[in-house]
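User: I'd like to learn how to read a fold from a model on my screen. Could you walk me through it?

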Amino acid sequence: MIKVLVVDDSLLVRKALARALSTDSDIEVVGTAVDPYDAREKIKLLNPDVLTLDVFMPRMDGIETLRHIRKDSMVPV
(Lines give C-alpha, C1' and ligand atoms only; values in the text may rest on other atoms or scores of the structure.)
Protein backbone atom coordinates (compact mmCIF):
# COMPACT_ATOMS: atom_id res chain seq x y z
CA MET A 1 0.00 0.00 0.00
CA ILE A 2 1.35 3.43 -0.99
CA LYS A 3 0.59 6.06 1.66
CA VAL A 4 -0.13 9.50 0.15
CA LEU A 5 -0.44 12.92 1.76
CA VAL A 6 -2.32 15.50 -0.34
CA VAL A 7 -1.20 19.13 0.15
CA ASP A 8 -3.33 21.89 -1.36
CA ASP A 9 -4.88 25.11 -0.06
CA SER A 10 -8.13 24.44 -1.95
CA LEU A 11 -10.59 22.19 -0.15
CA LEU A 12 -12.20 21.26 -3.47
CA VAL A 13 -8.88 20.17 -4.97
CA ARG A 14 -7.85 18.26 -1.82
CA LYS A 15 -11.11 16.32 -1.84
CA ALA A 16 -11.07 15.67 -5.60
CA LEU A 17 -7.46 14.50 -5.61
CA ALA A 18 -7.91 12.34 -2.52
CA ARG A 19 -11.04 10.78 -4.02
CA ALA A 20 -9.30 10.10 -7.35
CA LEU A 21 -6.24 8.56 -5.69
CA SER A 22 -8.43 6.43 -3.43
CA THR A 23 -9.90 4.63 -6.43
CA ASP A 24 -6.61 2.75 -6.78
CA SER A 25 -6.51 -0.23 -4.43
CA ASP A 26 -2.74 0.17 -4.02
CA ILE A 27 -3.04 3.75 -2.71
CA GLU A 28 -4.14 4.93 0.71
CA VAL A 29 -4.62 8.66 1.25
CA VAL A 30 -3.40 8.94 4.84
CA GLY A 31 -4.20 12.62 5.15
CA THR A 32 -4.48 16.07 3.69
CA ALA A 33 -2.79 19.34 4.55
CA VAL A 34 -4.08 22.87 3.96
CA ASP A 35 -0.73 24.63 3.78
CA PRO A 36 3.03 24.01 4.02
CA TYR A 37 3.09 24.35 7.79
CA ASP A 38 0.32 21.80 8.20
CA ALA A 39 2.11 19.54 5.69
CA ARG A 40 5.37 19.61 7.61
CA GLU A 41 3.65 18.44 10.79
CA LYS A 42 1.62 15.78 9.01
CA ILE A 43 4.69 14.40 7.25
CA LYS A 44 6.24 13.79 10.66
CA LEU A 45 3.03 12.36 12.08
CA LEU A 46 1.78 10.25 9.15
CA ASN A 47 5.07 9.21 7.50
CA PRO A 48 3.66 9.14 3.93
CA ASP A 49 5.44 7.32 1.09
CA VAL A 50 4.72 10.19 -1.29
CA LEU A 51 2.96 13.54 -1.27
CA THR A 52 1.22 15.72 -3.78
CA LEU A 53 2.07 19.40 -3.53
CA ASP A 54 0.28 22.42 -4.95
CA VAL A 55 2.72 24.94 -6.45
CA PHE A 56 0.55 28.03 -5.89
CA MET A 57 -0.34 28.42 -2.22
CA PRO A 58 -0.60 31.41 0.10
CA ARG A 59 1.99 31.98 2.83
CA MET A 60 4.59 29.82 1.03
CA ASP A 61 4.57 28.52 -2.54
CA GLY A 62 5.10 24.86 -3.38
CA ILE A 63 8.70 25.28 -4.56
CA GLU A 64 9.76 26.94 -1.31
CA THR A 65 7.75 24.34 0.59
CA LEU A 66 9.67 21.59 -1.17
CA ARG A 67 12.97 23.18 -0.10
CA HIS A 68 11.80 23.13 3.52
CA ILE A 69 10.51 19.56 3.29
CA ARG A 70 13.87 18.41 1.92
CA LYS A 71 15.59 19.65 5.08
CA ASP A 72 13.70 17.05 7.12
CA SER A 73 12.60 14.35 4.71
CA MET A 74 13.28 12.82 1.31
CA VAL A 75 9.66 11.77 0.75
CA PRO A 76 8.96 11.84 -3.00
CA VAL A 77 6.81 14.75 -4.15
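Predicted model: local features only at pLDDT ≥ 70, side-chain atom pairs only at ≥ 80, totals over all residues.

User: Which residue in β3 is the bridge partner of Leu 5?

Analyst: As a general idea, strands of a sheet pair through backbone hydrogen bonds, either parallel or antiparallel. Here, the partner of Leu 5 in β3 is Leu 51. Strand β1, residues 2–7, and β3 run in the parallel sense, joined over four bridges.

User: In what order do the strands of the open sheet lie?

Analyst: The three strands are arranged β2-β1-β3, with parallel pairing. The edges are β2 (27–33) and β3 (50–53), each of which pairs on one side only. On average, neighbouring strands are turned by 25° against each other, direction ignored. Helix α2, residues 36–46, packs on this sheet and touches β1, β2 and β3. The direction of α2 makes about 140° with that of β2.

User: Which residues make up the largest nonpolar core?

Analyst: The general idea first: in soluble globular proteins, nonpolar side chains tend to be buried together. In this model the largest such core has nine residues: Leu 5, Val 7, Ala 33, Ala 39, Ile 43, Leu 51, Met 57, Ile 69 and Val 75. Two or more of them come from each of β1 and α2.

User: Is Leu 21 buried or exposed?

Analyst: Leu 21 counts as buried because its relative accessible area is 19%, and the cut-off for buried is under 20%. Leu 21 sits in helix α1, residues 11–22, and touches Val 4, Val 6, Ile 27, Val 29 and Thr 52.

Terms used. Residues numbered from 1 in each chain as written. Heavy atoms only, no water. Pairing = 2+ DSSP bridges. Axes fitted to C-alpha atoms, helices over the stretch in contact; angles between N-to-C directions. Contact = heavy atoms within 4.5 Å. Core = buried A, V, L, I, M, F, W, Y, C linked by side-chain atoms within 4.5 Å. Buried < 20%, exposed > 50% of the residue type's maximum accessible area, 1.4 Å probe, protein only. Lists of a residue's contacts leave out its neighbours within four places in sequence.
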